[in-house]
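Trainee: I have a model open and would like to learn how to read its features. Could you walk me through a few of them?

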Amino acid sequence: MTLPFENDTNAVVKKLAKQNIKANHRTALSIMSAILIAATFMCTLCSLVQSYWNQRVQQEIFDSGNWDAQILEVQANQIELIKKNENIKDVMVKGNNQTFLLSFRENDPYLLVQNCDAKYWESMHEKNLIIRGRVPEAPGEIVVGKKFFEDNPSFKIGDTVDLELGERRKDNRIVDFLSPLQDGEVFVKTDNVQYTIVGEIDRTVSSAYNGYPAYGWLNLEETPKDASVVVYTQTKNPRKIYETVPQIAQAIGLEQDEYGEYPYRYHTALLGMYGIYEPGHFWSSDLPKLFLSLLIVAVASMTVFAYIIRGAFSISAKRKIKELGILKSIGMTPKQIRKLVKYEARWLSFFPIVISIGLGHLLSYGVLTAYSKLTREVTGNQISVSFSPWIAIISIMLSFLTVLLAASGPARQMGKIRPIEAIKENWNNVSLEKSAKHTFLKRCFGFLGKISANSLIANKKLFRTCTVTLCLCMVLMFSFLAVFSVSDVNNTKAEHDNPFDINITLESGQRIEPPLIQKLKDLPDVKEQTTYTMAMCASWLSEQELSKEFLSYGGFDTKAAGEYVVKRDGRYRIPCTLIGLEQDTYNAYLKNAGISSHNSRSAVIVNSVAKNPDARGYEAKKEQVSYLDIKEGQSLQLTEKFLDSVQGNYSFDIQISSVLTEMPDIGLNVAFYTLPIIVPMEEYYEIIKNFGEDRAVYNYRTYMNLRTEQGKDVIVQSRADQLCGEYLSKNDFFTSSKTQRASDRDKLTNATMLIVYSLTALFGIVGISSAVAAILNSLYQRKKEFAMLRSVGLDKKGLCHLLYTEGFLLVIKPLLIGISILILVSTILICLQDITVIEFLKVFPFWGVVVYIILTFAIIRGIYMVASRKICRDIIVEVLKDETV
């Protein structure tokens, strides 16, 4: 005789799977709902990641242009050599800059034109800055900065202007095109030209340059062969960019600087987004960390959802265990039973996964739209949802893999059942014969509390999914919040380190008029102020001139030192910051330091340096040790040439009047390995007047920091803006306030938390639905148990008390476990970021934990409340004699 399943036909198994789905439509809907939410989460996660990445790429191209490398100091006749490189796809050229004299202007008499070729206008970011009109498309066309139209309202787009082409000269040498206006320079006319204004571009320059920026059209065929140009490249294989550009630099004969680098730079921001890094820098970059984080999130999400969906499949399988026992008794093999469960999983997952693609895209659109509204005022950018077929394919694969992973457990479990036990339905039955005393619970909740506890222990397999789900939801949600809380502590620390409420930067390229400084100091509601200027310089020192303490901690043998310090011929070039303090600020600094007098042409040295600049924690990086082996009365030789590229080479000696260990409280944090040298502002100006004028814009930049009355910083900032506008062009000053920065930071944090809450909400929905299914399944399988208790005198009130106690005990366990894990995660974060427990507790949103706990208790109690009413309506005799229960 041949048994029905002896031939192992898939057609029969598939038919049975379809019949089971139709017969158990409620269970099927429960499974499909869990799969739908899980797949929607996967699709949303993939869509958010892809949208964020795509936005970053497009924004970088919009802001900086689409190029891989920039090569400087190139002559026009070398462009063809660059093009001949086999990896070069396209080149964009900017150069042959021209200076024109505006004869109708006494102030700002120059039009500073940078010419760009067709490929440059096509690929680079300047085209995105056009406010009105269009980009140049032929020789003789220019776009000019918006300030030109503000100062010369008679001109409009389409006008043709007569200009004098020439050179800026001083002492028979040509002044660099990008240099600020220099004393004694003259304009030497070389030609008369006509230009047509075809557009207005959103470009401004400091008034120190005494002119207006403009862009024209570069015709390479007519460009002089020795003209200096800047070349931007696009490569055929960007992954070889770090090999290609050095080859080009050597081929055209460029010279290396003191760091052994050629005058080129890579578009590292854009290349990094494509996963392309300089050799040896990939693992130290953020990409592996981001990829690992994303992988962990994806794997963790799949694992959690698989476990949750597995609970739904287990419930479905156990409800038809008698049917499976009968099928196995007539010849169905364990393999066919596993196939039966998996076929059900495939069919039940098809429509939810397909629908999730649309829901995920819709949810991503809503989340990113809300995110953009919160961040647009801060960033000025809007993130739009980008969706590609690859995202759909990846999310479908991840979702389907999650479902198969979820179904594999119940499939193996059902394949192991014994037919007789399955038919009798005593497989995996629980026993209450051995019951614990539970003295504490009995004292708190009475005898019914003991019964509830024993019931939970006996049915722990039924409740395991509910317990794990509630625990995971809590840990995932509040671990995210813990991470953001730690980040907020670090941001707050950095903000508190700056004791000033308003920061003002003035950069006209020359000394700021004293009346403006005085008026800013006299603003109402200003309690304290500091004013200073600073210039970079350097000092060449031997190892013997460094302090023993500094050398004992490794000296310059750190990763950070390579970015700041150069060693040449046995000597180190130490970066220095020459700081000129306004007289009142300087006097206050000396007084606080206990210094009574100051000699002319002498300086205060802040002789301290970070002990471990490679440390992770914020506080660890602030630890200081003595830097130089130097004493009062010694002399220190400085040079303005802090980089080889600096044109000036002025050297000067500073007499050290005092050696201190702390910076003045002026709101300035110097870079690692930088030596602060502090002088009065008048002496500062006496020194830097000998510096090269090419850096005048930076050296004459003045900084003011104001401390205001509580809550008055925004008002004072507005008054400061108005005052600065009376003395300076609006391009020559910038102000910011602590309230404004805090508001911007809050908006960005709230926007980020919106995404976090949206994703964790999906976890919560799946978790709660799984908990509901697990609890209802448990109560369904224990109908006889409740009927027996009612038959021996348990009334409706007692039954409700029993179920509510069981619900309470069911919830309290995952909450206690979740809180314990959350404490562990928070402790690790606190240790890694070097913050105190008190600082963490002040910012962590405990109200969220309380709300979650209350909401969880309310939902579980609601489930038991509904279940208790149904159980009370059951007829005891019918339940006890029902053999299908």
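Mentor: Gladly! Let's begin with strand pairing: two strands pair if DSSP finds at least two bridges between them. Keep in mind that this is a predicted model.

Trainee: Which residue of β23 is the bridge partner of I504?

Mentor: That partner is T735. The pairing of β12 with β23, residues 733-737, is antiparallel and runs over five bridges.

Trainee: And which residue in β22 is the bridge partner of N503?

Mentor: Look for N705 in β22. Strand β22 covers residues 702-708, and β12 pairs with it over five bridges, again in the antiparallel sense.

Trainee: How many of the five residues of β12 are buried?

Mentor: A residue is called buried when its relative accessible area is under 20%. In β12, residues 502-506, five of the five residues are buried, so the strand is largely enclosed by the rest of the structure.

Trainee: Now a single residue. Is R168 buried or exposed?

Mentor: R168 has 2% relative accessibility, so it counts as buried. You will find R168 in strand β6, residues 160-170.

Trainee: What does the side chain of R168 make a polar contact with?

Mentor: For a polar contact, look for N or O atoms within 3.5 Å of each other. Here the side chain of R168 contacts that of E185 at 2.9 Å.

Trainee: What about S645, buried or exposed?

Mentor: The cut-off for exposed is over 50%. S645 has 63% relative accessibility and therefore counts as exposed. S645 sits in the loop between β19 (635-639) and β20 (651-660).

Trainee: Let's finish with helices. How are two packed helices described?

Mentor: By the angle between their axes and the distance between the axes. Take α25 (residues 796-833) and α27 (residues 846-873): they pack at about 150 degrees, with their axes 9 Å apart. An angle over 145 degrees counts as roughly antiparallel, and α25 and α27 are therefore roughly antiparallel to each other.

Trainee: Which hand does the crossing of α25 and α27 have?

Mentor: The crossing of these two helices, α25 and α27, is right-handed. The contact of α25 with α27 has 18 nonpolar, three polar and three charged residues.

Conventions
Residues numbered from 1 in each chain as written. Predicted model: local features only at pLDDT ≥ 70, side-chain atom pairs only at ≥ 80, totals over all residues. Heavy atoms only, no water. Axes fitted to C-alpha atoms, helices over the stretch in contact; angles between N-to-C directions. Helix = DSSP H or I, 4+ residues; strand = E, 2+ residues; numbered from the N terminus. Parallel < 35°, antiparallel > 145°, perpendicular 65-115°, else oblique. Left-handed = near helix turned anticlockwise from the far one by under 90°. Nonpolar A, V, L, I, M, F, W, Y, C, P; charged D, E, K, R; others polar. Buried < 20%, exposed > 50% of the residue type's maximum accessible area, 1.4 Å probe, protein only. Polar contact = N/O pair within 3.5 Å; in protein donor to acceptor, adjacent residues only side chain to side chain.
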